[in-house]
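Subject: Structure handover

Hello,

Here is the structure I promised to pass on. My notes on it follow below.

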Amino acid sequence: MPSPNPNKRLAALLANTNLWRASEHHLAAPQQVNSHYPGAPTGFAALDASLPWRGWPANALTEIITPLWGAGELQLVLPLLRDISQQGHSALWVSPPCIPYAPALASAGVDIARMIIVTPQSHQTLWGIERALQSSACAVVLAWPGKLSGKHIRRLQLACVTGQTLGFLFHHRYIRHSNAVLRLRAEADDSALTLTVLKARGSHRHDRVRLPLEPL
Amino acid sequence: MNSRPSQASLALHALHAVPTSKRLIKHDMPARQRSKQETLWYAVWLPQFSASSSESSAHLERQQQIAEALSTLSATVTIASVDSFSFEVASSLNYFGGIDNIRTRLINLLTALLDSWQLPTQIYHAVSPTPAASLLMAKAGCNLLVYRKSNLRAALGRIPLQALPLSKKKKRQFHNSGLSILRDIWRLPSHQLGQRFGRDFLKHLDQCLGHVANPVPTYTSPVQFSSELEWDFSIENKQALLPGIEELVERLCVFLQTRELAATRLCLRFLHAHHEPTLLHLDLRQASRQHAHLMLLLETRLNAIGLHAGSVGMRLEVKHFQAVSLNSAALKGIAATSGTDADDNILPLLEELQARLGNAAVRRIQLRDEHCPELASQDLPFGEAKPTYTVHSDKKTARPFWLLAQPVHLQKSEGRLFYHSSLRLVSGPERIETHWWKKQEVKRDYYIASNRQGMRLWIFHERQGAAEPAKQAWYLHGIFA
């Protein structure tokens, strides 16, 4: 029996609407994806467009990997902090590398009364992060955990689901096996912040997004 | 009836020449003819009590112990002064079966207490329808029992004026006027009394006679909770202690619920066989009486501390309470939307973090109206101060998100400033000069610089000591993250 033209078979397959195409999953049916994973807008249109949730994945852990502190990583979460603090929700900062400077946050429109800073001793840091993520009392947890392993990230991701909290981990090292829902690498140059999507659950795209930094 | 003369009445004979018997003299009608509305106040005077230091905490404690003892005889007990007490007995006459039984019980109670403190057992007491008259009679050493208000005037007539709580000057005035007992006062024309001796004196007399209301503060015993568990063996494992703690917290919650209270500070003591007890203090940000919440905090705290040794018992003590305010959920919702404190739901989490990490580990930042950059932001332990909302409206100048606690001295490499890589100035300068009235004057030129890693840095050039160029160094003060 002669086999049909392979291209024809492919075309027939592609014509089938029941076919699930991983690479275009979120682009094909964003409303469907959104109903499963509601996203919180990042405040950057270019970034929203390249993420399957059209924003930060809610109730999930996001890893932001930067070579150095001060590469624009705070600007990335600033619109989110502004939104949640104005809605009356709190954000917890667990062991930040420096104490955040109140005038800068205030002039960016963040309600600093809703920012709570937790500075545990280094051996208590992971406990503090997990406890904060598990609790539904705060909407966002920003954490600078220091040394991490894949096992820790898995635990923290589960804590996010339990507490329905938006968690951000900031660190320097790329960890091979990470269970975080979204992983971004952030690198800055003079005028812009370049974000590389290392992993976004539910999508196979590895976009590179360039966000212009606010001129100073 | 008790016919043995008590020590108290013997001492009374020795000190005062007022004719009294061992028993109270019944001055008027028997009890069954009294009208029901009349009150009856028992007053006790303990002169040896004022001799001891009256302000010390030991004295206050003794006073409280006496008041506690008296409250077994009456529901209304008053500490009238440092050495005198009064309590209402009309309502408990039937219960104890007459005034004589109350007197016997009172003497027994007070003698036991005074003996335990090794004080002489001198007790002066009197009963009348008004607290002021009872106190006056007790202090005058008249061991009297007056049932009816109408007989008070006659009974008080023989009281010497020197026994009244008056100033020395007043007493001398009475003495010089030839007035020695209260009856002498009542013989004078009443409209002149106020002018001659003052309104306060008249009011006191009226209160004694029951013409004027005399509200007295009632003594309420301070609430405290203390409960203990002990066992025969020593427990080393912290997890094994939890059921015991749970039992104690359960008792506490029942205690709190029956009294409509919430605890604000807990103290848990672990007892050891050969060591000092381990203390575990728990301060609550918000008063609580929820079993689960208290248990969670105690467990967290317990995991953070170390026990000296295996414990053979524990005791939970609570001395600080707050009345429970029962806000309805609807009202709370209104409060949250109207922009008042919506911290309530995050407080339990912060309390838990503080319990494990220490109070200083949970912090808040606060704006301050200061020109000097490092003073414009304040970093405080949570709960120490409520953040104030200062609005910086005109500040359009850029400020970094991270401010270094101490400015870092910037090195120069090949004539260029260096931080990870050589720096390039982006904008500036912004001159900040302030605190010239202090020794540590601030005179700086701030610039924004960037390096090849894309970091944007807030650096300043120290202008202090312009005469010596060596001192004019560059510092890194913040990072625009």
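Please keep in mind that this is a predicted model. I start where the two chains meet.

**The interface**

The rule finds one salt bridge across the interface of chain A and chain B. The pair is A:Arg131 and B:Glu352, with their closest N and O atoms 2.7 Å apart.

Which parts of chain A supply the side that touches chain B? Five elements each give at least two residues: α5 (73–86), β4 (91–94), α6 (102–107), β5 (115–118) and α7 (125–134). Of these, α6(A) gives the most, with five residues. Sorted by class, that side of chain A has 32 nonpolar, eight polar and seven charged residues.

Now the totals. Chain A puts 47 residues into the contact, and chain B puts in 47 residues. Together the chains bury about 4,200 Å² between them. Carbon and sulfur atoms account for 67% of that area.

**A sheet that spans both chains**

Strands also join the two chains. β5(A) is linked to β11 (residues 362–367) of chain B by three bridges, and the two strands run antiparallel. One place to look is A:Val118, whose bridge partner in β11(B) is B:Val362.

On the chain A side, β5(A) pairs with β4(A) through four bridges, and these two run parallel. There, A:Ala91 has A:Met115 in β5(A) as its bridge partner.

How many strands form this open sheet, and in what order? There are 10, in the order β10(A)-β9(A)-β8(A)-β3(A)-β7(A)-β6(A)-β4(A)-β5(A)-β11(B)-β12(B), with mixed pairing. The edges are β10 (208–212) of chain A and β12 (377–381) of chain B. Each has a single partner strand, so one side of each is left without a neighbour in the sheet. From one strand to the next, the twist averages 25°.

Helix α8 (residues 150–163) lies across β3 (61–65) and β7 (166–171) of chain A. Helix α8 of chain A runs at about 135° to β3(A).

**Salt bridges overall**

Over all chains, the search of the whole structure finds 16 salt bridges. One of interest within chain A is A:Glu130 with A:Arg155, where the closest N and O atoms are 2.8 Å apart. Why point this one out? A:Glu130 lies in helix α7 of chain A and A:Arg155 in helix α8 of chain A, so the pair ties together parts that are 25 residues apart in sequence.

**A second sheet, in chain B**

Chain B also has an open sheet of five strands. Their order is β13-β20-β19-β18-β17, and the pairing is antiparallel. At the edges stand β13 (402–409) and β17 (424–434) of chain B. Each of these has a single partner strand, so one side of each is left without a neighbour in the sheet. Neighbouring strands here are turned by 25° against each other on average, direction ignored.

Where β13(B) meets β20 (residues 474–479) of chain B, four bridges join the antiparallel strands. B:Val408 stands opposite B:Leu476 in β20(B).

Best wishes

Definitions and conventions. Residues numbered from 1 in each chain as written. Chains lettered and ligands numbered in written order. Predicted model: local features only at pLDDT ≥ 70, side-chain atom pairs only at ≥ 80, totals over all residues. Heavy atoms only, no water. Contact = heavy atoms within 4.5 Å. Buried area = accessible area lost by both parts, 1.4 Å probe. Salt bridge = Lys/Arg side-chain N within 4 Å of Asp/Glu carboxyl O. Nonpolar A, V, L, I, M, F, W, Y, C, P; charged D, E, K, R; others polar. Pairing = 2+ DSSP bridges. Axes fitted to C-alpha atoms, helices over the stretch in contact; angles between N-to-C directions.
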